[in-house]
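Please look over the model shown below before reading the report.

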Amino acid sequence: MYIEKSNTMKKTFKIGEYVIGGIIEVVIDKKIITINFRDMFGGTNKVLDTKSFAITDRNIERDILFYISDNGTSYYADKVLEYIKTKVEIPKLTQFGW
């Protein structure tokens, strides 16, 4: 469920050498969250790696944390997830969510 009224929201995190490419781009659509890692150092700004997550997936929080941690650091994974949580309501893991 969206907090804001716009259909698509986009946020760019210019992090630098701590993630592949240096840039994390988060695109939030009605039912999909897409995370792109973009090339900041080559001057091309092309997408190096991308993955989409369904907002209705009950493991979305864990999957986003693992995906960003694999391509960067857990610190920035947490910061990006905090931003996403301010924009959309994602399901919480239950006690037996693994």
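The report goes from the chain as a whole to a helix pair and then to a loop residue.

This is a predicted model, in which local features need pLDDT of at least 70 and side-chain atom pairs count only at pLDDT 80 or more, while totals for chains, interfaces and linings use all residues. Residues are numbered from 1 along each chain as its sequence is written, and side-chain values use heavy atoms, with hydrogens and water left out.

The protein chain has two helices and four strands, taken as DSSP runs (helices H or I, at least four residues; strands E, at least two) numbered from the N terminus, and along the sequence they follow the pattern β-β-β-β-α-α. Of its 98 residues, 38% count as buried, that is, under 20% relative accessible area with a 1.4 Å probe.

Helix H1 (residues 60–71) packs with helix H2 (residues 74–87) at an angle of about 140 degrees, the axes lying 8 Å apart.

| Helix | Residues in the contact |
|---|---|
| H1 | Glu61, Ile64, Leu65, Ile68 and Ser69 |
| H2 | Ser74, Tyr76, Ala77, Asp78, Val80, Leu81, Ile84 and Lys85 |

These residues divide into eight nonpolar, two polar and three charged.

In the loop between strand E3 (32–39) and strand E4 (47–54) lies Asn45, which has a positive phi of about 60 degrees although it is not a glycine. Asn45 is partly exposed, with a relative accessible area of 40%, partly exposed being the range between buried and exposed, the latter over 50%.

Methods
Axes fitted to C-alpha atoms, helices over the stretch in contact; angles between N-to-C directions. Contact = heavy atoms within 4.5 Å. Nonpolar A, V, L, I, M, F, W, Y, C, P; charged D, E, K, R; others polar.
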